[in-house]
2 protein chains.
Amino acid sequence: MAGIPIYSSAIRPEWIDYNGHLRDAYYAVIASEATDALMDRLGLDAAYRARTAGTLYTLEMHIHFLREVKQTDTVEVGVRILGFDHKRIHAAFEITRAGTAEAAATVEMMLLHVRQEGERAASAPFPPEVSANLAQLAAAGAALPPGGPGSRRMELTAKRATP
Amino acid sequence: MAGIPIYSSAIRPEWIDYNGHLRDAYYAVIASEATDALMDRLGLDAAYRARTAGTLYTLEMHIHFLREVKQTDTVEVGVRILGFDHKRIHAAFEITRAGTAEAAATVEMMLLHVRQEGERAASAPFPPEVSANLAQLAAAGAALPPGGPGSRRMELTAKRATP
């Protein structure tokens, strides 16, 4: 798998669409659940959220759908930290069917650390230990082979690989 | 709402995350269900799929998360056809909370028409009536005011609007 292993999931029956495969949006659900696992890894877990009212908001998500996933598959998710600053994380996830080498999907996300105050949320810097964990995870990922296709401006004119 | 009204949905309780809002991935589920409604509008409905084994596969999806959505909200989805050729559709969806003017999210998708043959799927041209429907919908959308932010390459260095 490309990236640092962070999450794996069975495919729930209600995720299968009329085409007989994992519906597009449930790749996003898998990536979202992988982000929860990433938060645990970084020290932004439930205890942190309860203690500080700090959490991550997703600003953007871009998915490339590369291969079909079936009800009988188990998917594994790897992560790379492509970049981060004092309050944002640019992460790339790769979703692979267990037992196969090629990515079924690549997912990029831009995540923002916020503090929730009642109905409002304001962006807030990471605590130092989270920044240290980010630096460590980013360095570990940078040593790995490059991942699959990343976010880009979509346009019809571009030459595309079609399944 | 920006775009041509195509779908609306209540927010299901299981879509709310630990932050108390619609989880990021369920914006994708809403856009995916709006794509089903778009298929119905274009003549790519269940009867077409059963008769021809033709369907749409999603190649890419890019979401900008602009505003929080709550359990009590109803969301409305508008669509524009940004472009299409003989087998692909580049569509933009805008998700709005009913009763508000600003988009809660914008979603771009690149969709490919395929014919499923057993375990395989091969890209296939649209039938002429679907192409005609696409042309009509694209023209109707082109007359509307421009939509929200579109797909792009994510990077930390770009100046960003943060909530």
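This is a predicted model: local features need pLDDT of at least 70, side-chain atom pairs count only at pLDDT 80 or more; totals for chains, interfaces and linings use all residues.

I started with the ion pairs and found a count of 6 salt bridges between chain B and chain A.

Next I went through the polar contacts. The rule gives 32 residue pairs across the interface of chain B and chain A, both residues at pLDDT 80 or more.

Which elements of chain B give two or more residues to the side that touches chain A? I noted α1 (24-42), β2 (54-65), β3 (74-84), β4 (88-97), β5 (103-117) and β6 (120-123). The largest share of that side comes from β2(B), with 11 residues.

I also sorted the residues on the side of chain B that touches chain A: 21 are nonpolar, 13 polar and 17 charged.

Back to β2(B), to see what it does with the other chain. It pairs with strand β2 (residues 54-65) of chain A in the antiparallel sense, over 5 bridges. I checked one position there: A:Ile63 has B:Met61 as its bridge partner in β2(B).

Last, the overall extent. I get 51 residues of chain B in contact with 51 residues of chain A. The area buried between the chains is about 4600 Å², and carbon and sulfur atoms give 50% of that. In chain B, the residues that lose the most area to chain A are B:Glu60, B:Met154 and B:Leu156, together 17% of what that side buries.

Key: Residues are numbered from 1 along each chain as its sequence is written. Chains are lettered from A and ligands numbered from 1 in the order in which they are written. Side-chain values use heavy atoms; hydrogens and water are left out. Contact means heavy atoms within 4.5 Å. Buried area is the accessible area (1.4 Å probe) that two parts lose on being put together, summed over both. A salt bridge is a side-chain nitrogen of Lys or Arg within 4 Å of a carboxyl oxygen of Asp or Glu. A polar contact is a pair of N or O atoms within 3.5 Å; within protein, one must be able to donate a hydrogen and the other to accept it, and residues adjacent in sequence count only if both atoms are side-chain atoms. Helices (H or I, at least four residues) and strands (E, at least two) are DSSP runs, numbered from the N terminus. Ala, Val, Leu, Ile, Met, Phe, Trp, Tyr, Cys and Pro count as nonpolar, Asp, Glu, Lys and Arg as charged, and the others, Gly among them, as polar. Two strands pair if DSSP finds at least two bridges between them.
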